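Work through the exercises below with the sequence and the coordinates at hand, and try each task before reading its solution.

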Amino acid sequence: MTKEQLEIGAISKPRFEFRTFGKEFDDAAFLMSRLSVPVPEKVWERFSEEIYIVSKTNDINNTKIRDGKMDIKTFVQSVDGLEQWNPLMKGEFPMQADMLQKEVFPAFMVEMPQLTKGVYTLEEFLDIVHNHADLQAVRVEKERFGYMVNDTICEYANVWINGAMVVSVNSESTEVEDIKKTITDLKLEDAENINYLQAIKRVIGMSNKKLAN
Amino acid sequence: MVQESNPRFEFRIFGINIEKAIESLEKLTPRLQTRNMNSIYLLTAGNTKNNIKIRDGIMDIKVLEHEVDGLEQWNPYLVGEFPLKSDVIKTVVFPALGIVCPVMEREQYTLNQFLDEVISIDPDLSVAFVKKTRHGYMLNNCIAEIAEVLVNGALIYTLCVESEDAAQVLATKKMLGICSDVENVNYPLALKRIMGLSSLPKNYWDSRD
């Protein structure tokens, strides 16, 4: 089988991902920078502001809003501890109540709130989330530095979750073996695979587990 | 319950980008000591007057007594050491948290029993596990502090000035170049913002630029 050549930023078949979060990954970041092939300048450093919607009852759908656009990914499978997520829905604010009712709130796996309007702006949607006991909107900022190691897309990131900072490193690819080699090369074998949803839940106290360090 | 010391007026800021105030303090006065400590904070959305924490197996509560010129005066008292009697939990801790006390099945609780059987199952309660590296200073007859704070593993910095004399705190704040419109943020509020129990400041995104 021919391996798909990964291109950063391009759409590919669903990728597997290893990601972890903690207070520092200086050694992994150094190794990542030394082992990486040159990458396009546009991914050297990227900054983004996002809002994640987390729910107490859901660990399989990851909802984020960036620049007024909503993106929900759903967990598909785990292979050798690596996670595969697929897009579930994409939408934009203002959003039809029908879409919120049929696609968005079911993804949160919480009791459906009463929707009295036909269309909702982002602020109105966030008000519903704020008033729902099982939901929380979390402000997340990311400063991401892109690399490519062993044909896997890698990243070192400073991430602010409601203003408090954690560090994240990741490796993603369609090829499980390439990610596993990268985890070894970056000396991350002992680090738990923690996705964004779990990291956010741990920081905001929705989960009592610890980050990787 | 034993009162620990005279209540001090306090001004505190939190953030990742508070470097200017930190640099000012370090330029003006030498660092006197550094201490590492772990604390567990108990938080509820509705409680803004009581700062409830456990450190080294001892619970203490600080009560917000006064606010003067944007400074806060907290009055500390000791609740007690674990194992803690259920009567104390019922009559002191839960009233301070501002929520209904659940049925207590034990006469007294160890810290782990308290966290596992009382706190973690209460949907109205949140727990922040906090690690602090606290650097102490004296400036202008005020106690000052810079600390690196890990809240459930995530980093934030804090700077604090405190004294029994409110005017002295205001003068010291000025020496550090902290403007009068900078918000005074106490520990419970900072933790609640990180954990989503309190809204972030309205200018949150702007202040991050």
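**Exercise 1.** Determine how many residue pairs are in polar contact between chain A and chain B, and which elements of chain A supply the side that touches chain B.

*Solution.* Take a polar contact as a pair of N or O atoms within 3.5 Å, where within protein one must be able to donate a hydrogen and the other to accept it, and where residues adjacent in sequence count only if both atoms are side-chain atoms. The count between chain A and chain B is then five residue pairs, both residues being at pLDDT 80 or more. The elements giving two or more residues to this side of chain A are β2 (46–55), β8 (135–149), β9 (152–161), β10 (164–173) and α5 (196–203), and the largest share, four residues, belongs to β8(A). This is a predicted model, in which local features need pLDDT of at least 70 and side-chain atom pairs count only at pLDDT 80 or more, while totals for chains, interfaces and linings use all residues. Residues are numbered from 1 along each chain as its sequence is written, chains are lettered from A and ligands numbered from 1 in the order in which they are written, and side-chain values use heavy atoms, with hydrogens and water left out.

**Exercise 2.** Identify the strands that pair with β2(A).

*Solution.* Two strands pair if DSSP finds at least two bridges between them. β2(A) pairs with β8(A) in the antiparallel sense over 10 bridges, and Ile51(A) has Arg139(A) as its bridge partner there. Three bridges join β2(A) to β3 (residues 61–66) of chain A, also antiparallel, with Tyr52(A) partnered by Lys64(A).
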